[in-house]
Amino acid sequence: PVDRGPEGCRGRGARRGGLPRARAAAKRLNLRLSIAPDAMLSRLKKLLDSTPDAGDPTQAYRRIELATAALLVEVMRADGIAPDERVAVEKAVARRFGLSSGEAQALVADAEAEVRDAVGYYPFTSLINRHFSAEQKEAVVELLWRVAWADATLSAHEQHVIRKVADLLHLSHAAYVGAKLRARDDALGNK
């Protein structure tokens, strides 16, 4: 017989015990749970509260800049941080948002902090989905490819991150490939 749990659900998640059972298993294996329940709840609250304030356009624009920069940082970090890729991220955000070099460096530093605390790409891509047109999303994916090509090598990890982000941005395959080819042609043309 299948254990359907208290709500009649099927599968592994429906087994009785939940978090206490996980803690007991972790203790038997001499493992520590990586995050306390209170910390998990505070991170979840921060994630849910991170939507831009509709009453403050400056704050909303800053969150969009940060989300875009965070995705660029994710690509930069995918195969280790190369100096050429860091420069490409800073140039990309400076050009995209009309920032000075110092402002771009500060934005990238803030984005790196956001990425360290993020639980995935969704907080960033959902914000971009709400505020960017299809053409703007394609431009973001092209920037991601430009960062990936900045060190003249393209790793499988970088490709995976960009494919995942493009899917979360609901970008068509044709737009994805077009962005990739434009970035590649530009990178190989400059080398």
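Analyst: In this predicted model, Arg163 and Asp167 both belong to helix H8 (residues 156-168). They are 4 residues apart, about one turn of the helix.

User: What makes the meeting of the side chains of Arg163 and Asp167 a salt bridge?

Analyst: The N to O distance between them is 2.7 Å. A salt bridge requires a side-chain nitrogen of Lys or Arg within 4 Å of a carboxyl oxygen of Asp or Glu, so the pair qualifies. Side chains of opposite charge can pair when their charged atoms come close.

User: Why is Asp167 called partly exposed?

Analyst: Its relative accessible area is 44%. Arg163, at 23%, is partly exposed by the same rule.

User: How do you know that Glu112 is buried?

Analyst: Glu112 has a relative accessible area of 14%. Buried means under 20%, so the term applies. Its side chain forms a salt bridge with that of Arg86 at 2.8 Å, N to O. This pair links distant parts of the chain, with Glu112 in helix H5 (residues 101-117) and Arg86 in helix H4, 26 residues apart. Arg86, at 27% relative accessibility, counts as partly exposed.

User: What makes H4 roughly antiparallel to H7?

Analyst: The axes of helix H4 (residues 83-97) and helix H7 (residues 134-149) come within 8 Å and cross at roughly 155°. Angles over 145 degrees count as roughly antiparallel, which is why the term is used for H4 and H7. The contact is made by Glu85, Ala88, Val89, Ala92 and Arg96 of H4 together with Gln136, Leu143, Val147 and Ala148 of H7. These residues divide into 6 nonpolar, 1 polar and 2 charged. The crossing of H4 past H7 is right-handed.

User: Why does the pair of Asp186 and Arg146 count as a salt bridge?

Analyst: The closest N and O atoms of Asp186 and Arg146 are 2.4 Å apart. The cut-off is 4 Å, so the pair meets the definition. Asp186 lies in helix H9 (residues 173-190) and Arg146 in helix H7, 40 residues apart. Asp186 is partly exposed at 34%, as is Arg146 at 28%.

User: Which residues are linked with Arg146 and Asp186 in a network of salt bridges?

Analyst: Glu138, Glu142 and Arg182 are linked with them. The structure holds 9 salt bridges.

Conventions:
Residues are numbered from 1 along each chain as its sequence is written. This is a predicted model: local features need pLDDT of at least 70, side-chain atom pairs count only at pLDDT 80 or more; totals for chains, interfaces and linings use all residues. Side-chain values use heavy atoms; hydrogens and water are left out. Axes are lines fitted to C-alpha atoms, for helices over the stretch in contact, and angles run from 0 to 180 degrees between N-to-C directions. Helices (H or I, at least four residues) and strands (E, at least two) are DSSP runs, numbered from the N terminus. Angles under 35 degrees count as roughly parallel, over 145 as roughly antiparallel, 65 to 115 as roughly perpendicular and the rest as oblique. A crossing is left-handed if the near helix is turned anticlockwise from the far one by less than a right angle, and right-handed if clockwise. Contact means heavy atoms within 4.5 Å. Ala, Val, Leu, Ile, Met, Phe, Trp, Tyr, Cys and Pro count as nonpolar, Asp, Glu, Lys and Arg as charged, and the others, Gly among them, as polar. Buried means under 20% relative accessible area, exposed over 50%, partly exposed in between (1.4 Å probe, protein chains only).
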